[in-house]
Every structure is written in C-alpha cells, then in structure tokens.
Amino acid sequence: MKKQISCQSSVISRQPFFNLAMIVGLVIGLSGCGGGVKTGNLSREACLDSIKTVEAKLKTIQTPDAFVYNHAIATYMNFANNFPNDSMAPSCLFDAANISMSLTQYQRALNLYDTITIKYPTFKRTADCIFIRGFIYDDKLKDTAKARAMYQEVINKYPHDSIASQARAALAILGKSYDEIIKEFEAKNKDQKKS
C-alpha cells in the first residue's frame, strides 16, 4: 500500500510526486548546456556538468526511457556543437550516435557517425563509425549496396586494424539469410572435421 502525505488538504502519493520532481529536475537541466538550447556564452564546465548529470541518470534507469535517452543525445550534441574543437567533441557525438541506435533512430545515428568520420577523421573510433554505419545499412535498413560500401571502406582505410577482419566477415555473409549462414557454417565445420 502506498504511503500518503498530506499537502494543503489534498492527498498526494509519493510516487507521482517523485515522478513530478524528476520531470521538473530534467526540465531545469534543459536550460543548461545539455538541453538543446544553444547560447553563445556557455562555459565548458557547465556543459561537462550537464554531461555528468545525464550520465548519472543513464546509470540509474532500470528500463529504457526515451525521454532520458533523447535528453542525453541533446546533451552530448550540445557539447560537440558548442565546443567542436574540444578533444571530447567526437566522443560526445559517438555516445549520441550509440544512444540513437538504441532508440532505433537509425537515420539520426547514421548522420552522427558520418559527421564524426568527416569532421574528426583522426578520432580513435572512426573505423568503428564506418563499420557501424555498414551494420545499420545491413542489419537494420536492409540496404546491402550501402552496407557493402561501408564494409569495403573499413577494409580499404584500415586494412591492418582488427575491425577490418570483422568487415571482411560481414561482407562474406552480406545479404544472406540466417538459415543460409547457418548452413554454410555447418558445411565449413563438416569439411574441417574431415581434414
């Protein structure tokens, strides 16, 4: 049974009050760096505080929450937009892209990964961005031509990186059904056992 608290002759349960407090807190947070409002005189520290706040919230949620995820995306993107030359900018965009993927916002994720590869070609996760774009085209959007191009780009640009071997494996099964992949795998195992 929920505990009731009295507030000026009205009865309010704690759960709705807690939910209201959370919403108010997030709305107040939207007025800072992380809320989608770009102002010319934001401090880097204010933006970093917004990121810390949203990351703490992300760690505490038990089930996916689109509002919190979209707020996190906005927070990361605001940092990158306000401080594009900061070393953290590509990481923020990468995190925003990953969260977009989890929300099944594939076009948004593709745009963010593409932005990283164009604006930050020396970012340590650029090869991952290209590979993930290939994965989205392959597995989520079923566009094998674009997926093939992304996987091939990984192989061409990063031939000695471990992700290139993953891209080669992805190309080997591109466009095949799960049943076809399993049959090929079983046949390969059968051939190896004969040897």
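In the predicted model, S100 lies in helix α4, which covers residues 89-102. The relative accessibility of S100 is 0%, so this residue counts as buried; the cut-off for that class is under 20%.

Helices α6 and α7 form a packed pair. Two packed helices are described by the angle between their axes and the distance between the axes. Here α6 spans residues 126-140 and α7 spans residues 144-157. The angle is about 160°, and the axes lie 7 Å apart. That angle makes α6 roughly antiparallel to α7, because angles over 145 degrees fall in that class. The crossing of the two helices is left-handed.

The contact draws on residues from both helices. On the α6 side are A127, I130, F131, R133, G134, F135, Y137 and D138. They meet K146, A147, M150, Y151, E153, V154 and K157 of α7. By class, the residues of this contact divide into 9 nonpolar, 1 polar and 5 charged.

Helix α9 covers residues 178-194 and has 17 residues. From its first C-alpha to its last, α9 reaches 25 Å. This is close to the 24 Å expected at 1.5 Å a residue. Of the 17 residues of α9, the number buried is 0, so the helix lies largely in the open.

Notes: Residues are numbered from 1 along each chain as its sequence is written. This is a predicted model: local features need pLDDT of at least 70, side-chain atom pairs count only at pLDDT 80 or more; totals for chains, interfaces and linings use all residues. Side-chain values use heavy atoms; hydrogens and water are left out. Axes are lines fitted to C-alpha atoms, for helices over the stretch in contact, and angles run from 0 to 180 degrees between N-to-C directions. Helices (H or I, at least four residues) and strands (E, at least two) are DSSP runs, numbered from the N terminus. Angles under 35 degrees count as roughly parallel, over 145 as roughly antiparallel, 65 to 115 as roughly perpendicular and the rest as oblique. A crossing is left-handed if the near helix is turned anticlockwise from the far one by less than a right angle, and right-handed if clockwise. Contact means heavy atoms within 4.5 Å. Ala, Val, Leu, Ile, Met, Phe, Trp, Tyr, Cys and Pro count as nonpolar, Asp, Glu, Lys and Arg as charged, and the others, Gly among them, as polar. Buried means under 20% relative accessible area, exposed over 50%, partly exposed in between (1.4 Å probe, protein chains only). The expected span of a helix is 1.5 Å times one less than its number of residues.
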